[in-house]
Amino acid sequence: MAEAPFGLLAELTHRCPLQCGYCSNPLELVRRDAELSTEDWRRVFDQARALGALQIHLSGGEPLLRPDLPELVAHANSLGCYVNLVTSGVGLSRDRLRSLASVGVDHVQLSLQDATRSGNDRIAGIKAFDRKVEAASFVLDEGLPLTVNTVLHRQNLDNIAGIIAMAEQMGAERLELANTQYYGWALRNRAVLLPTRAQLAVADPIVAAAQDRLRGRMEIVYVIADYHEAHPKPCMYGWGARQLTVAPNGDVLPCPAATVISSLEIENVRDSSLHEIWHHSPSFNAFRGFEWMQDPCRSCPRKEIDFGGCRCQAFQLTGDAAATDPVCSLSPARSTVDLILETEMAPSEVPAMAMRKMR
Ligand code: SF4
Ligand code: FES
């Protein structure tokens, strides 16, 4: 039997006031009328808790767009779960936050697109900067811990020092600087988003210095730009190992991007329990452990560190979800990534960003 998951990522809705082109949500977003009901979500939370999950991350899209959010927070809280609200901050008034905190929100994760108003709003596709700054102050006033999350890419990487300063100014306890991972909308916009080697060479030491300077005050988590690395990231810390995601329509995913693997048979909470899916479904068991691996991963000592990299990326770039992540320098398909870096990084050829929108 697999070990219990630490947490549930509950994507309550794909609807969102922002239109960020780096979004990892699928191109085909779930429409409002296909979203799970309040009752469905309560049942999902019950089942996640019974499975052993102790953290519930309420995410999207923008979870504030669900009118039943207070009821869902209260239910997650009543189960003894730690409740994390993952939000753009748009729609988070002081009163609304106060009432959500009173029913059980324990932590807020706020997205920030860039360090300046103009940069932030250009990437978000709407005027959101001032509302984010305001939202951060409400979180602080409420006495809740704040994480700021910024997805990094070619359009904001040069402002990394400003982003760190902004998160400090906002009073964040933790800053996640996550180089874009290329799934969904981000994959579609990869040519606009891929950072250059020169940008990373400047940004990496700035982040390292800030991590040292702010140790004990603000934790900075830095997710690497894996296309530029020699080894892949330990994606999800192993498939079906720590967390499960429930999409707005009830699809249960071993990782938030797993719908990109078209060969994967995805189960839904309307048809099966989380217990059944976590422990026995073909989708969750497909890449658990090491048996499924091919060489070079199978005989590689790093397999216990990176688990062969990312299954979604392997599928997208090679058509085989069990292949070594092509980001790895030992992968026979590494040339695919090198070719992308060569062809998509010439700044004169950067196309316009396709903004994330419901069709
Ligand atoms: Fe990781 Fe596989 Fe590359 Fe080894 S061969 S470093 S296990 S991805
Ligand atoms: Fe799906 Fe890495 S994003 S396994």
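Analyst: Helix H1 (residues 38-51) and H2 have axes that come within 10 Å and cross at roughly 20 degrees; axes are lines fitted to C-alpha atoms, for helices over the stretch in contact, and angles run from 0 to 180 degrees between N-to-C directions. Helices (H or I, at least four residues) and strands (E, at least two) are DSSP runs, numbered from the N terminus. This is a predicted model, in which local features need pLDDT of at least 70 and side-chain atom pairs count only at pLDDT 80 or more, while totals for chains, interfaces and linings use all residues. Residues are numbered from 1 along each chain as its sequence is written, and chains are lettered from A and ligands numbered from 1 in the order in which they are written.

User: Why are H1 and H2 called roughly parallel to each other?

Analyst: Angles under 35 degrees count as roughly parallel, over 145 as roughly antiparallel, 65 to 115 as roughly perpendicular and the rest as oblique. The axes of H1 and H2 cross at roughly 20 degrees, and the two helices are therefore roughly parallel. H1 passes H2 in a right-handed crossing (left-handed if the near helix is turned anticlockwise from the far one by less than a right angle, right-handed if clockwise).

User: What makes the contact between H1 and H2, and which residues belong to it?

Analyst: Two residues are in contact if their C-beta atoms, placed from the backbone, lie within 7 Å. Thr38, Trp41, Arg42 and Phe45 of H1 and Glu71, Leu72, His75 and Ala76 of H2 make this contact. Its residues divide into 4 nonpolar, 2 polar and 2 charged, where Ala, Val, Leu, Ile, Met, Phe, Trp, Tyr, Cys and Pro count as nonpolar, Asp, Glu, Lys and Arg as charged, and the others, Gly among them, as polar.

User: How do H2 and H3 pack, and why does the term roughly parallel apply to them?

Analyst: Helix H2 (residues 69-78) and helix H3 (residues 94-103) pack at about 25 degrees, with their axes 8 Å apart; they are therefore roughly parallel to each other. Their crossing is right-handed. Leu69, Pro70, Val73, Ala74 and Asn77 in H2 meet Ser99, Leu100 and Val103 in H3, a contact of 6 nonpolar, 2 polar and no charged residues.

User: What makes H6 roughly parallel to H9?

Analyst: The axes of helix H6 (residues 160-170) and helix H9 (residues 197-213) come within 9 Å and cross at roughly 25 degrees. That angle makes H6 roughly parallel to H9. On the H6 side Ile160, Ala161 and Ile164 meet Ala203, Ile206, Val207 and Ala210 in H9; by class, this contact has 7 nonpolar, no polar and no charged residues.

User: Which strands stand at the edges of the sheet, and why?

Analyst: The open sheet is formed by 10 strands in the order S7-S6-S5-S4-S3-S2-S1-S8-S9-S10, with mixed pairing. Strand S7 (219-223) and strand S10 (267-268) are at the edges because each has a single partner strand, so one side of each is left without a neighbour in the sheet.

User: How do you know that S2 and S3 pair?

Analyst: Two strands pair if DSSP finds at least two bridges between them. Strand S2 (residues 55-59) is joined to strand S3 (residues 82-87) by 4 bridges, and the two run parallel. In S3, Tyr82 is the bridge partner of Gln55.

User: Which peptide bonds are cis, and what are their omega values?

Analyst: The bond from Gly60 to Gly61 is cis, with omega near 5 degrees, and Gly61 lies in the loop between S2 and H2. The bond from Asp295 to Pro296 is also cis, with omega near 15 degrees. Most residues other than glycine have a negative phi, and most peptide bonds are trans.
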